[in-house]
Amino acid sequence: MLMTEREFLAAEIQSLANKYGRSRTSLVPILQEVKRKYHKIDSYAMQVTADLLGIHPVEVNSVVSFYAFLGDRPQGQYVIRLCRTISCAMAEKDRVMRQLENDLGISFGQTTPDGKFTLEWANCIGMCDQGPALLVNERVFTRVTPESVHAILEECRRAFGQHATERKEVHLA
Amino acid sequence: MSQIPTFNAMPPNLGLQRALAMSPMEIVKEIADSGLKGRGGAGFSTGIKWELAAEAVSDRKFILCNADEGEPGTFKDRVILQEYADLVFEGMTIAALAVGAQEGILFLRGEYTYLRAHLEAVLLARREHHLLGENILGFGSAFDIRIFMGAGAYICGEETGLIECLEGFRGEPRNRPPYPVHRGFLDCPSVVNNVETLAWAACILQRGAPWFRKVGTEMSTGIKIFSISGDCERPGVFEFPMGITVKELLRHVGGEDARAVQIGGASGQCIPASQFDRAIAFEDIPTGGSVIVFGPQRDMLDVIENFLGFFADESCGQCTPCRLGNRKLLEGVKMLKAGTCSMAYLNELCALGETMMIASKCGLGQSSPCAFLSVVRNFREELMGRAHTLTHA
(Lines give C-alpha, C1' and ligand atoms only; values in the text may rest on other atoms or scores of the structure.)
Protein backbone atom coordinates (compact mmCIF):
# COMPACT_ATOMS: atom_id res chain seq x y z
CA MET A 1 0.00 0.00 0.00
CA LEU A 2 1.27 3.48 -0.82
CA MET A 3 2.18 5.72 2.09
CA THR A 4 -0.43 8.24 1.00
CA GLU A 5 -3.10 5.52 0.91
CA ARG A 6 -2.13 4.45 4.41
CA GLU A 7 -2.32 7.98 5.69
CA PHE A 8 -5.68 8.43 4.05
CA LEU A 9 -7.02 5.21 5.59
CA ALA A 10 -5.70 6.14 9.03
CA ALA A 11 -7.32 9.57 8.81
CA GLU A 12 -10.57 7.98 7.76
CA ILE A 13 -10.57 5.58 10.71
CA GLN A 14 -9.66 8.43 13.02
CA SER A 15 -12.67 10.44 11.91
CA LEU A 16 -14.88 7.33 12.36
CA ALA A 17 -13.52 6.89 15.87
CA ASN A 18 -14.34 10.51 16.61
CA LYS A 19 -17.83 10.08 15.17
CA TYR A 20 -18.70 6.94 17.15
CA GLY A 21 -16.62 7.67 20.24
CA ARG A 22 -13.36 6.07 21.30
CA SER A 23 -14.74 3.13 23.19
CA ARG A 24 -15.03 -0.56 22.56
CA THR A 25 -18.74 -0.22 21.74
CA SER A 26 -17.72 1.68 18.59
CA LEU A 27 -15.64 -1.21 17.27
CA VAL A 28 -18.28 -2.98 15.17
CA PRO A 29 -19.71 0.23 13.60
CA ILE A 30 -16.19 1.44 12.68
CA LEU A 31 -15.28 -1.89 11.10
CA GLN A 32 -18.59 -1.96 9.20
CA GLU A 33 -17.86 1.42 7.62
CA VAL A 34 -14.28 0.48 6.73
CA LYS A 35 -15.55 -2.69 5.11
CA ARG A 36 -18.26 -0.87 3.17
CA LYS A 37 -15.84 1.66 1.74
CA TYR A 38 -12.69 -0.41 1.16
CA HIS A 39 -14.25 -3.89 0.66
CA LYS A 40 -11.64 -5.29 3.03
CA ILE A 41 -10.29 -4.85 6.55
CA ASP A 42 -6.54 -5.41 6.34
CA SER A 43 -4.08 -5.77 9.20
CA TYR A 44 -3.09 -2.10 8.95
CA ALA A 45 -6.71 -0.99 9.36
CA MET A 46 -7.05 -3.33 12.34
CA GLN A 47 -3.86 -1.93 13.92
CA VAL A 48 -5.02 1.68 13.51
CA THR A 49 -8.46 0.86 14.91
CA ALA A 50 -6.91 -0.94 17.88
CA ASP A 51 -4.62 2.02 18.66
CA LEU A 52 -7.50 4.47 18.55
CA LEU A 53 -9.73 2.38 20.81
CA GLY A 54 -6.89 1.47 23.18
CA ILE A 55 -7.18 -2.29 22.71
CA HIS A 56 -4.84 -4.98 21.41
CA PRO A 57 -4.99 -5.54 17.63
CA VAL A 58 -5.68 -9.22 18.20
CA GLU A 59 -8.93 -8.15 19.87
CA VAL A 60 -9.90 -6.37 16.67
CA ASN A 61 -8.89 -9.40 14.64
CA SER A 62 -11.00 -11.67 16.86
CA VAL A 63 -14.06 -9.57 16.07
CA VAL A 64 -13.27 -9.22 12.36
CA SER A 65 -12.86 -12.97 11.99
CA PHE A 66 -16.08 -13.77 13.87
CA TYR A 67 -18.65 -11.94 11.76
CA ALA A 68 -19.65 -13.02 8.27
CA PHE A 69 -20.11 -9.41 7.09
CA LEU A 70 -16.65 -8.36 8.28
CA GLY A 71 -13.74 -10.73 7.64
CA ASP A 72 -10.21 -9.87 6.60
CA ARG A 73 -10.37 -11.29 3.07
CA PRO A 74 -10.68 -8.65 0.33
CA GLN A 75 -14.04 -8.76 -1.41
CA GLY A 76 -15.32 -7.44 -4.69
CA GLN A 77 -17.20 -4.20 -5.15
CA TYR A 78 -20.39 -6.24 -5.35
CA VAL A 79 -20.79 -9.07 -2.88
CA ILE A 80 -23.50 -11.46 -3.98
CA ARG A 81 -24.84 -13.57 -1.14
CA LEU A 82 -27.14 -16.38 -2.21
CA CYS A 83 -29.32 -17.83 0.55
CA ARG A 84 -28.70 -21.56 1.02
CA THR A 85 -31.12 -22.26 3.84
CA ILE A 86 -33.97 -24.72 3.59
CA SER A 87 -36.82 -22.77 1.93
CA CYS A 88 -34.53 -21.28 -0.72
CA ALA A 89 -32.84 -24.66 -1.11
CA MET A 90 -36.23 -26.27 -1.80
CA ALA A 91 -36.91 -23.48 -4.31
CA GLU A 92 -33.97 -24.67 -6.44
CA LYS A 93 -31.26 -22.29 -5.32
CA ASP A 94 -28.72 -24.73 -6.81
CA ARG A 95 -29.71 -23.70 -10.33
CA VAL A 96 -29.21 -20.05 -9.45
CA MET A 97 -25.86 -20.97 -7.92
CA ARG A 98 -24.68 -22.71 -11.09
CA GLN A 99 -25.78 -19.82 -13.26
CA LEU A 100 -23.98 -17.28 -11.07
CA GLU A 101 -20.82 -19.40 -11.24
CA ASN A 102 -21.14 -19.79 -15.01
CA ASP A 103 -21.78 -16.11 -15.68
CA LEU A 104 -18.95 -14.88 -13.47
CA GLY A 105 -16.49 -17.72 -14.07
CA ILE A 106 -15.74 -18.16 -10.37
CA SER A 107 -16.91 -20.50 -7.60
CA PHE A 108 -18.62 -19.58 -4.36
CA GLY A 109 -16.14 -18.09 -1.90
CA GLN A 110 -14.14 -16.48 -4.71
CA THR A 111 -13.76 -12.97 -6.14
CA THR A 112 -13.45 -12.19 -9.84
CA PRO A 113 -9.87 -11.30 -10.84
CA ASP A 114 -10.94 -7.73 -11.67
CA GLY A 115 -12.17 -7.29 -8.09
CA LYS A 116 -15.74 -6.51 -9.13
CA PHE A 117 -17.77 -9.47 -7.84
CA THR A 118 -17.60 -11.86 -4.91
CA LEU A 119 -19.85 -14.92 -4.59
CA GLU A 120 -20.77 -15.99 -1.07
CA TRP A 121 -23.34 -18.12 0.68
CA ALA A 122 -25.76 -16.54 3.11
CA ASN A 123 -27.65 -18.31 5.85
CA CYS A 124 -31.38 -17.51 5.90
CA ILE A 125 -31.89 -13.90 4.84
CA GLY A 126 -35.57 -13.82 5.80
CA MET A 127 -37.09 -14.09 2.32
CA CYS A 128 -38.25 -17.67 2.75
CA ASP A 129 -41.66 -17.06 1.17
CA GLN A 130 -40.09 -15.56 -1.97
CA GLY A 131 -37.09 -17.78 -2.61
CA PRO A 132 -34.62 -18.27 -4.06
CA ALA A 133 -33.34 -14.99 -2.68
CA LEU A 134 -30.00 -13.23 -2.76
CA LEU A 135 -28.41 -10.03 -1.54
CA VAL A 136 -26.24 -7.82 -3.73
CA ASN A 137 -24.43 -5.73 -1.13
CA GLU A 138 -27.45 -4.31 0.73
CA ARG A 139 -30.10 -4.87 -1.91
CA VAL A 140 -32.33 -7.90 -1.84
CA PHE A 141 -33.54 -9.81 -4.91
CA THR A 142 -36.28 -12.40 -4.58
CA ARG A 143 -37.71 -15.17 -6.77
CA VAL A 144 -34.42 -15.23 -8.63
CA THR A 145 -34.32 -17.56 -11.62
CA PRO A 146 -31.30 -18.75 -13.58
CA GLU A 147 -32.51 -16.48 -16.40
CA SER A 148 -32.70 -13.37 -14.19
CA VAL A 149 -29.11 -13.79 -12.93
CA HIS A 150 -27.78 -12.14 -16.07
CA ALA A 151 -29.98 -9.05 -15.61
CA ILE A 152 -28.88 -8.68 -11.98
CA LEU A 153 -25.19 -8.84 -12.94
CA GLU A 154 -25.70 -6.41 -15.83
CA GLU A 155 -27.32 -3.93 -13.50
CA CYS A 156 -24.21 -4.02 -11.30
CA ARG A 157 -21.90 -3.73 -14.31
CA ARG A 158 -23.70 -0.64 -15.50
CA ALA A 159 -22.36 1.13 -12.42
CA PHE A 160 -18.82 0.43 -13.67
CA GLY A 161 -19.39 2.22 -16.98
CA GLN A 162 -20.76 0.94 -20.23
CA HIS A 163 -17.56 -0.53 -21.66
CA ALA A 164 -17.41 -2.85 -18.68
CA THR A 165 -20.61 -4.64 -19.60
CA GLU A 166 -20.62 -7.93 -21.41
CA ARG A 167 -22.71 -6.57 -24.24
CA LYS A 168 -22.56 -3.03 -25.52
CA GLU A 169 -26.27 -2.70 -26.34
CA VAL A 170 -27.51 -2.50 -22.77
CA HIS A 171 -31.13 -1.51 -22.31
CA LEU A 172 -31.22 0.87 -19.43
CA ALA A 173 -34.10 0.21 -17.09
CA MET B 1 -47.23 -7.39 0.80
CA SER B 2 -48.64 -9.32 3.73
CA GLN B 3 -50.95 -7.55 6.13
CA ILE B 4 -51.56 -8.20 9.79
CA PRO B 5 -55.22 -7.28 10.45
CA THR B 6 -54.89 -6.81 14.21
CA PHE B 7 -51.95 -4.43 13.82
CA ASN B 8 -53.83 -2.55 11.07
CA ALA B 9 -56.66 -1.88 13.50
CA MET B 10 -54.43 -0.16 16.06
CA PRO B 11 -54.66 3.64 16.09
CA PRO B 12 -51.13 5.05 16.43
CA ASN B 13 -49.70 5.83 19.86
CA LEU B 14 -52.90 5.36 21.86
CA GLY B 15 -51.13 2.71 23.95
CA LEU B 16 -48.27 5.09 24.67
CA GLN B 17 -50.69 7.83 25.74
CA ARG B 18 -52.38 5.42 28.13
CA ALA B 19 -49.01 4.26 29.46
CA LEU B 20 -47.90 7.84 30.14
CA ALA B 21 -50.89 8.27 32.44
CA MET B 22 -50.04 5.09 34.37
CA SER B 23 -47.41 4.33 36.99
CA PRO B 24 -44.55 1.99 35.97
CA MET B 25 -45.97 -0.77 38.18
CA GLU B 26 -49.38 -0.44 36.56
CA ILE B 27 -47.83 -0.88 33.11
CA VAL B 28 -45.94 -3.97 34.25
CA LYS B 29 -49.13 -5.37 35.79
CA GLU B 30 -51.10 -4.81 32.58
CA ILE B 31 -48.47 -6.75 30.59
CA ALA B 32 -48.24 -9.47 33.24
CA ASP B 33 -52.05 -9.84 33.32
CA SER B 34 -52.15 -10.25 29.56
CA GLY B 35 -49.97 -13.35 29.83
CA LEU B 36 -47.79 -12.13 26.93
CA LYS B 37 -44.80 -14.42 26.37
CA GLY B 38 -41.69 -13.70 24.34
CA ARG B 39 -42.52 -13.98 20.66
CA GLY B 40 -38.96 -14.75 19.58
CA GLY B 41 -39.43 -18.39 20.47
CA ALA B 42 -38.17 -18.87 24.02
CA GLY B 43 -41.54 -17.86 25.46
CA PHE B 44 -40.39 -16.18 28.67
CA SER B 45 -43.05 -14.08 30.37
CA THR B 46 -42.68 -10.45 29.25
CA GLY B 47 -44.39 -9.22 32.44
CA ILE B 48 -41.82 -10.96 34.67
CA LYS B 49 -38.94 -9.71 32.51
CA TRP B 50 -40.13 -6.11 32.78
CA GLU B 51 -40.83 -6.46 36.49
CA LEU B 52 -37.29 -7.72 37.20
CA ALA B 53 -35.77 -4.90 35.17
CA ALA B 54 -38.02 -2.35 36.87
CA GLU B 55 -36.91 -3.58 40.30
CA ALA B 56 -33.21 -3.50 39.40
CA VAL B 57 -31.50 -0.46 40.88
CA SER B 58 -29.35 1.48 38.41
CA ASP B 59 -29.18 4.98 37.02
CA ARG B 60 -28.77 3.58 33.51
CA LYS B 61 -31.05 0.99 31.94
CA PHE B 62 -31.57 -0.14 28.36
CA ILE B 63 -34.40 -1.41 26.19
CA LEU B 64 -32.93 -3.61 23.47
CA CYS B 65 -35.12 -4.67 20.59
CA ASN B 66 -33.93 -7.94 19.10
CA ALA B 67 -34.35 -7.58 15.33
CA ASP B 68 -31.65 -10.15 14.57
CA GLU B 69 -34.21 -12.40 12.96
CA GLY B 70 -31.96 -15.23 11.84
CA GLU B 71 -33.94 -18.38 12.54
CA PRO B 72 -34.41 -20.27 9.26
CA GLY B 73 -37.93 -19.81 7.98
CA THR B 74 -38.65 -16.68 10.04
CA PHE B 75 -39.41 -13.37 8.35
CA LYS B 76 -42.35 -11.88 10.26
CA ASP B 77 -40.11 -9.35 12.03
CA ARG B 78 -39.01 -8.02 8.64
CA VAL B 79 -42.65 -7.46 7.70
CA ILE B 80 -43.47 -5.91 11.08
CA LEU B 81 -40.51 -3.53 10.80
CA GLN B 82 -41.41 -2.64 7.23
CA GLU B 83 -45.07 -1.95 7.88
CA TYR B 84 -45.58 -1.43 11.60
CA ALA B 85 -42.31 0.14 12.76
CA ASP B 86 -44.23 2.76 14.74
CA LEU B 87 -45.91 0.04 16.79
CA VAL B 88 -42.52 -1.49 17.64
CA PHE B 89 -40.99 1.84 18.67
CA GLU B 90 -44.14 2.60 20.66
CA GLY B 91 -43.70 -0.74 22.45
CA MET B 92 -40.05 0.10 23.21
CA THR B 93 -41.10 3.46 24.64
CA ILE B 94 -43.74 1.79 26.82
CA ALA B 95 -41.14 -0.71 28.04
CA ALA B 96 -38.85 2.21 28.87
CA LEU B 97 -41.59 3.86 30.93
CA ALA B 98 -42.24 0.57 32.74
CA VAL B 99 -38.64 -0.16 33.73
CA GLY B 100 -37.27 3.39 33.90
CA ALA B 101 -34.90 3.21 30.92
CA GLN B 102 -33.71 6.17 28.95
CA GLU B 103 -31.87 4.53 26.09
CA GLY B 104 -33.16 2.10 23.50
CA ILE B 105 -31.29 0.23 20.81
CA LEU B 106 -32.78 -1.60 17.87
CA PHE B 107 -30.38 -4.40 16.97
CA LEU B 108 -31.05 -4.90 13.26
CA ARG B 109 -29.46 -7.83 11.48
CA GLY B 110 -26.95 -6.94 8.76
CA GLU B 111 -29.01 -8.80 6.14
CA TYR B 112 -31.81 -6.24 6.70
CA THR B 113 -29.66 -3.16 6.06
CA TYR B 114 -32.12 -2.13 3.34
CA LEU B 115 -34.73 -1.49 6.08
CA ARG B 116 -32.53 0.98 7.91
CA ALA B 117 -33.34 4.15 5.95
CA HIS B 118 -37.07 3.63 6.51
CA LEU B 119 -36.58 2.94 10.23
CA GLU B 120 -34.38 6.03 10.68
CA ALA B 121 -37.10 8.11 8.99
CA VAL B 122 -39.73 6.71 11.36
CA LEU B 123 -37.51 7.51 14.36
CA LEU B 124 -36.95 11.05 13.09
CA ALA B 125 -40.69 11.60 12.68
CA ARG B 126 -41.30 10.28 16.20
CA ARG B 127 -38.72 12.71 17.58
CA GLU B 128 -40.39 15.57 15.71
CA HIS B 129 -43.74 14.61 17.21
CA HIS B 130 -42.22 14.40 20.71
CA LEU B 131 -42.93 10.68 20.90
CA LEU B 132 -39.21 10.27 21.59
CA GLY B 133 -36.77 12.68 23.12
CA GLU B 134 -36.29 14.65 26.32
CA ASN B 135 -39.91 15.23 27.24
CA ILE B 136 -42.26 12.66 25.73
CA LEU B 137 -45.64 14.25 24.93
CA GLY B 138 -45.01 16.74 27.72
CA PHE B 139 -45.07 14.12 30.48
CA GLY B 140 -41.43 14.70 31.38
CA SER B 141 -40.11 11.22 30.52
CA ALA B 142 -36.98 10.97 28.38
CA PHE B 143 -36.26 8.13 25.99
CA ASP B 144 -34.56 7.78 22.63
CA ILE B 145 -33.81 4.93 20.27
CA ARG B 146 -30.86 4.31 17.99
CA ILE B 147 -30.18 1.58 15.46
CA PHE B 148 -27.24 -0.78 15.68
CA MET B 149 -26.44 -2.98 12.70
CA GLY B 150 -25.54 -6.62 13.20
CA ALA B 151 -22.70 -8.06 11.19
CA GLY B 152 -23.99 -11.41 10.01
CA ALA B 153 -24.08 -13.85 12.91
CA TYR B 154 -27.09 -16.02 13.77
CA ILE B 155 -25.85 -16.39 17.34
CA CYS B 156 -26.40 -12.66 17.99
CA GLY B 157 -30.12 -13.46 18.12
CA GLU B 158 -29.33 -15.03 21.51
CA GLU B 159 -29.77 -12.16 23.95
CA THR B 160 -26.34 -12.29 25.59
CA GLY B 161 -24.66 -12.83 22.20
CA LEU B 162 -26.48 -9.72 21.02
CA ILE B 163 -25.15 -7.76 23.98
CA GLU B 164 -21.59 -8.99 23.35
CA CYS B 165 -21.85 -7.71 19.77
CA LEU B 166 -23.18 -4.34 20.96
CA GLU B 167 -20.21 -4.09 23.30
CA GLY B 168 -17.78 -4.76 20.46
CA PHE B 169 -16.92 -8.40 21.12
CA ARG B 170 -17.41 -11.70 19.33
CA GLY B 171 -21.07 -12.70 19.68
CA GLU B 172 -20.35 -15.50 22.13
CA PRO B 173 -23.22 -16.02 24.57
CA ARG B 174 -22.56 -15.48 28.27
CA ASN B 175 -23.35 -17.73 31.16
CA ARG B 176 -26.74 -16.93 32.64
CA PRO B 177 -27.28 -15.85 35.45
CA PRO B 178 -26.66 -12.99 35.68
CA TYR B 179 -29.53 -12.36 33.33
CA PRO B 180 -29.57 -9.21 31.17
CA VAL B 181 -32.39 -7.76 33.31
CA HIS B 182 -29.81 -7.56 36.11
CA ARG B 183 -26.55 -7.15 34.21
CA GLY B 184 -26.92 -6.63 30.50
CA PHE B 185 -25.47 -4.09 28.09
CA LEU B 186 -22.51 -2.31 29.75
CA ASP B 187 -23.43 -4.22 32.93
CA CYS B 188 -26.63 -2.19 33.23
CA PRO B 189 -30.10 -3.74 33.58
CA SER B 190 -31.36 -4.39 30.05
CA VAL B 191 -34.63 -5.67 28.68
CA VAL B 192 -34.14 -7.68 25.49
CA ASN B 193 -37.42 -8.22 23.65
CA ASN B 194 -38.29 -9.53 20.23
CA VAL B 195 -39.76 -7.13 17.64
CA GLU B 196 -43.17 -8.80 17.73
CA THR B 197 -43.28 -8.90 21.54
CA LEU B 198 -42.84 -5.13 21.68
CA ALA B 199 -45.51 -4.56 19.04
CA TRP B 200 -47.95 -6.68 21.07
CA ALA B 201 -47.03 -4.78 24.24
CA ALA B 202 -48.16 -1.58 22.52
CA CYS B 203 -51.43 -3.25 21.47
CA ILE B 204 -52.05 -4.56 25.00
CA LEU B 205 -51.62 -1.11 26.55
CA GLN B 206 -54.13 0.17 24.03
CA ARG B 207 -56.81 -2.49 24.33
CA GLY B 208 -56.13 -3.90 27.79
CA ALA B 209 -55.04 -7.28 29.09
CA PRO B 210 -58.52 -8.93 28.92
CA TRP B 211 -58.71 -8.16 25.17
CA PHE B 212 -55.40 -9.98 24.63
CA ARG B 213 -56.43 -12.97 26.75
CA LYS B 214 -59.65 -13.47 24.82
CA VAL B 215 -57.83 -15.51 22.18
CA GLY B 216 -55.28 -18.27 22.59
CA THR B 217 -54.99 -20.84 25.36
CA GLU B 218 -54.67 -20.51 29.12
CA MET B 219 -50.87 -20.81 29.02
CA SER B 220 -50.33 -19.21 25.61
CA THR B 221 -52.48 -16.16 25.34
CA GLY B 222 -53.10 -13.94 22.36
CA ILE B 223 -52.42 -13.97 18.68
CA LYS B 224 -49.14 -15.03 17.09
CA ILE B 225 -47.65 -13.85 13.82
CA PHE B 226 -46.42 -16.77 11.72
CA SER B 227 -43.89 -16.90 8.90
CA ILE B 228 -44.93 -19.69 6.55
CA SER B 229 -42.78 -21.02 3.73
CA GLY B 230 -42.02 -24.20 1.85
CA ASP B 231 -44.38 -26.47 -0.06
CA CYS B 232 -47.72 -24.69 0.29
CA GLU B 233 -49.91 -22.62 -2.01
CA ARG B 234 -49.90 -19.39 0.00
CA PRO B 235 -46.60 -18.79 1.78
CA GLY B 236 -46.23 -15.51 3.67
CA VAL B 237 -46.98 -13.83 6.99
CA PHE B 238 -50.22 -14.67 8.80
CA GLU B 239 -51.74 -14.08 12.20
CA PHE B 240 -53.39 -17.01 13.99
CA PRO B 241 -54.51 -17.49 17.57
CA MET B 242 -52.11 -19.39 19.81
CA GLY B 243 -53.21 -23.00 20.15
CA ILE B 244 -54.09 -23.48 16.48
CA THR B 245 -53.54 -27.05 15.32
CA VAL B 246 -51.01 -27.82 12.63
CA LYS B 247 -53.79 -29.24 10.46
CA GLU B 248 -55.85 -26.07 10.64
CA LEU B 249 -52.85 -23.89 9.88
CA LEU B 250 -51.99 -26.02 6.84
CA ARG B 251 -55.57 -25.71 5.59
CA HIS B 252 -55.28 -21.90 5.68
CA VAL B 253 -52.08 -21.82 3.63
CA GLY B 254 -52.90 -24.65 1.26
CA GLY B 255 -50.43 -27.25 2.42
CA GLU B 256 -52.73 -30.16 3.37
CA ASP B 257 -50.68 -32.77 1.55
CA ALA B 258 -47.55 -32.08 3.63
CA ARG B 259 -45.66 -35.09 4.95
CA ALA B 260 -44.03 -33.07 7.72
CA VAL B 261 -43.82 -29.55 9.06
CA GLN B 262 -40.87 -27.89 10.76
CA ILE B 263 -42.16 -25.65 13.52
CA GLY B 264 -39.91 -23.20 15.32
CA GLY B 265 -37.27 -22.98 12.60
CA ALA B 266 -34.17 -25.14 12.29
CA SER B 267 -33.90 -25.27 16.07
CA GLY B 268 -37.55 -26.31 16.43
CA GLN B 269 -39.31 -29.63 15.98
CA CYS B 270 -40.10 -31.63 12.89
CA ILE B 271 -43.74 -32.73 13.14
CA PRO B 272 -44.81 -35.72 10.96
CA ALA B 273 -48.26 -35.88 9.36
CA SER B 274 -49.47 -38.34 12.03
CA GLN B 275 -49.19 -35.58 14.66
CA PHE B 276 -50.89 -32.76 12.74
CA ASP B 277 -53.62 -32.62 15.41
CA ARG B 278 -51.16 -31.13 17.89
CA ALA B 279 -51.48 -27.50 18.90
CA ILE B 280 -48.96 -24.74 18.27
CA ALA B 281 -48.58 -23.20 21.73
CA PHE B 282 -45.94 -23.04 24.41
CA GLU B 283 -47.49 -26.04 26.23
CA ASP B 284 -47.35 -28.29 23.15
CA ILE B 285 -45.26 -27.20 20.15
CA PRO B 286 -43.47 -23.96 21.07
CA THR B 287 -42.59 -21.62 18.25
CA GLY B 288 -41.13 -18.29 17.29
CA GLY B 289 -43.52 -18.36 14.36
CA SER B 290 -41.50 -20.19 11.75
CA VAL B 291 -43.41 -22.87 9.86
CA ILE B 292 -41.70 -24.69 6.99
CA VAL B 293 -43.92 -27.09 5.05
CA PHE B 294 -42.43 -30.23 3.48
CA GLY B 295 -44.43 -31.74 0.63
CA PRO B 296 -44.71 -35.44 -0.16
CA GLN B 297 -41.70 -35.37 -2.50
CA ARG B 298 -39.19 -34.19 0.11
CA ASP B 299 -36.40 -36.34 1.49
CA MET B 300 -36.16 -35.62 5.21
CA LEU B 301 -32.42 -36.37 5.16
CA ASP B 302 -31.91 -33.43 2.77
CA VAL B 303 -33.79 -31.28 5.24
CA ILE B 304 -31.70 -32.17 8.29
CA GLU B 305 -28.52 -32.02 6.26
CA ASN B 306 -29.41 -28.41 5.41
CA PHE B 307 -30.22 -27.59 9.05
CA LEU B 308 -27.08 -29.18 10.45
CA GLY B 309 -24.94 -27.46 7.83
CA PHE B 310 -26.50 -24.23 9.04
CA PHE B 311 -25.73 -24.96 12.70
CA ALA B 312 -22.19 -26.18 12.01
CA ASP B 313 -21.61 -22.88 10.22
CA GLU B 314 -23.31 -20.65 12.78
CA SER B 315 -22.07 -22.24 16.02
CA CYS B 316 -19.96 -19.60 17.74
CA GLY B 317 -17.48 -22.32 18.69
CA GLN B 318 -16.89 -21.48 22.33
CA CYS B 319 -18.33 -24.70 23.79
CA THR B 320 -17.33 -28.15 22.58
CA PRO B 321 -20.69 -29.99 22.50
CA CYS B 322 -22.05 -27.48 20.00
CA ARG B 323 -18.88 -26.80 18.00
CA LEU B 324 -18.04 -30.45 17.39
CA GLY B 325 -21.45 -32.02 17.97
CA ASN B 326 -23.10 -30.29 15.04
CA ARG B 327 -20.23 -31.34 12.77
CA LYS B 328 -20.50 -34.96 13.88
CA LEU B 329 -24.26 -34.99 13.33
CA LEU B 330 -23.80 -33.45 9.88
CA GLU B 331 -21.21 -36.10 9.06
CA GLY B 332 -23.66 -38.74 10.28
CA VAL B 333 -26.45 -37.46 8.04
CA LYS B 334 -24.08 -37.60 5.08
CA MET B 335 -23.28 -41.20 5.99
CA LEU B 336 -27.00 -42.01 6.14
CA LYS B 337 -27.48 -40.42 2.74
CA ALA B 338 -24.59 -42.42 1.35
CA GLY B 339 -25.95 -45.62 2.91
CA THR B 340 -22.87 -46.23 5.05
CA CYS B 341 -24.21 -45.72 8.58
CA SER B 342 -24.60 -48.67 10.94
CA MET B 343 -27.52 -48.86 13.37
CA ALA B 344 -25.06 -48.81 16.27
CA TYR B 345 -23.56 -45.56 15.00
CA LEU B 346 -26.98 -44.01 14.45
CA ASN B 347 -27.82 -44.80 18.07
CA GLU B 348 -24.54 -43.22 19.11
CA LEU B 349 -25.41 -40.08 17.14
CA CYS B 350 -28.76 -39.90 18.93
CA ALA B 351 -26.96 -40.15 22.27
CA LEU B 352 -24.62 -37.38 21.12
CA GLY B 353 -27.64 -35.24 20.24
CA GLU B 354 -29.11 -35.74 23.72
CA THR B 355 -25.76 -34.86 25.29
CA MET B 356 -25.57 -31.66 23.26
CA MET B 357 -29.02 -30.66 24.50
CA ILE B 358 -27.85 -31.00 28.09
CA ALA B 359 -24.26 -29.84 27.87
CA SER B 360 -24.31 -26.90 25.46
CA LYS B 361 -23.97 -23.43 26.90
CA CYS B 362 -26.72 -21.63 25.03
CA GLY B 363 -29.90 -22.25 23.10
CA LEU B 364 -28.12 -22.92 19.81
CA GLY B 365 -26.45 -26.14 20.86
CA GLN B 366 -29.31 -27.06 23.19
CA SER B 367 -31.81 -27.03 20.35
CA SER B 368 -29.83 -27.80 17.19
CA PRO B 369 -30.15 -31.61 17.58
CA CYS B 370 -33.99 -31.39 17.88
CA ALA B 371 -34.68 -31.64 14.16
CA PHE B 372 -32.20 -34.52 13.75
CA LEU B 373 -33.68 -36.44 16.68
CA SER B 374 -37.28 -35.94 15.59
CA VAL B 375 -36.52 -37.06 12.03
CA VAL B 376 -34.73 -40.17 13.33
CA ARG B 377 -37.69 -40.84 15.64
CA ASN B 378 -40.44 -40.28 13.08
CA PHE B 379 -38.92 -41.31 9.76
CA ARG B 380 -36.62 -44.09 10.91
CA GLU B 381 -37.78 -46.58 8.30
CA GLU B 382 -36.63 -44.24 5.50
CA LEU B 383 -33.16 -43.66 6.85
CA MET B 384 -31.37 -46.98 6.87
CA GLY B 385 -29.97 -49.08 4.07
CA ARG B 386 -29.94 -46.53 1.32
CA ALA B 387 -28.15 -47.35 -1.91
CA HIS B 388 -24.45 -46.52 -1.80
CA THR B 389 -23.62 -43.37 -3.66
CA LEU B 390 -20.34 -41.78 -4.58
CA THR B 391 -20.72 -38.97 -2.06
CA HIS B 392 -18.97 -40.44 0.93
CA ALA B 393 -19.02 -38.45 4.12
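Colleague: Let's begin with a detail: where does R143(A) lie?

Modeller: R143(A) lies in the loop between β4 and α7 (146-158) of chain A. Helices (H or I, at least four residues) and strands (E, at least two) are DSSP runs, numbered from the N terminus. Before we go on, this is a predicted model, where local features need pLDDT of at least 70 and side-chain atom pairs count only at pLDDT 80 or more, while totals for chains, interfaces and linings use all residues. Residues are numbered from 1 along each chain as its sequence is written, and chains are lettered from A and ligands numbered from 1 in the order in which they are written.

Colleague: Thanks. Is R143(A) buried or exposed?

Modeller: R143(A) counts as exposed, with 12 C-beta neighbours inside 10 Å. The cut-offs go by other C-beta atoms within 10 Å of a residue's own, with C-beta atoms placed from the backbone: 20 or more is buried, 12 or fewer is exposed, and in between is partly exposed. R143(A) also has a positive phi of about 45°, although it is not a glycine.

Colleague: What about cis peptide bonds, which residues do they join?

Modeller: In chain A, G131(A) and P132(A) are joined by one, with omega about -5°. P132(A) is in the loop between β2 and β3 (134-136) of chain A. In chain B, a cis bond links P177(B) and P178(B), with omega about 0°, and P178(B) falls in the loop between α8 and β4 (190-194) of chain B.

Colleague: Those chain A strands keep coming up. What order do they have in the sheet?

Modeller: The order is β2-β1-β3-β4 in chain A, an open sheet of 4 strands with mixed pairing. β2 (117-122) and β4 (139-141) of chain A are at the edges with a single partner strand each, so one side of each has no neighbour in the sheet. From one strand to the next, the twist averages 25°. For strands to pair, DSSP has to find at least two bridges between them.

Colleague: How many bridges join β1 to β2 in chain A?

Modeller: There are 6 bridges between β1 (residues 78-83) and β2 of chain A, and these strands run parallel. Axes are lines fitted to C-alpha atoms, for helices over the stretch in contact, and angles run from 0 to 180 degrees between N-to-C directions.

Colleague: Switching to chain B: how do α6 and α9 cross?

Modeller: The axes of α6 (residues 85-99) and α9 (residues 195-207) of chain B cross at roughly 75° and come within 7 Å. α6(B) and α9(B) are therefore roughly perpendicular. On the scale used, angles under 35 degrees are roughly parallel, over 145 roughly antiparallel, 65 to 115 roughly perpendicular, and the rest oblique.

Colleague: Which residues meet there?

Modeller: Among them are L87(B), V88(B) and I94(B) in α6(B), and V195(B), L198(B) and L205(B) in α9(B). The contact has 11 nonpolar, 1 polar and 1 charged residues. Here Ala, Val, Leu, Ile, Met, Phe, Trp, Tyr, Cys and Pro count as nonpolar, Asp, Glu, Lys and Arg as charged, and the others, Gly among them, as polar.

Colleague: Last topic: how many residues does each chain put into the contact between chains A and B?

Modeller: Chain B gives 38 residues and chain A gives 30. Two residues are in contact if their C-beta atoms, placed from the backbone, lie within 7 Å. On the chain B side, α8 (159-166), β5 (223-230) and α12 (300-314) each supply at least two residues. The largest share of that side, 6 residues, comes from α12(B). By class, the chain B side has 17 nonpolar, 13 polar and 8 charged residues.
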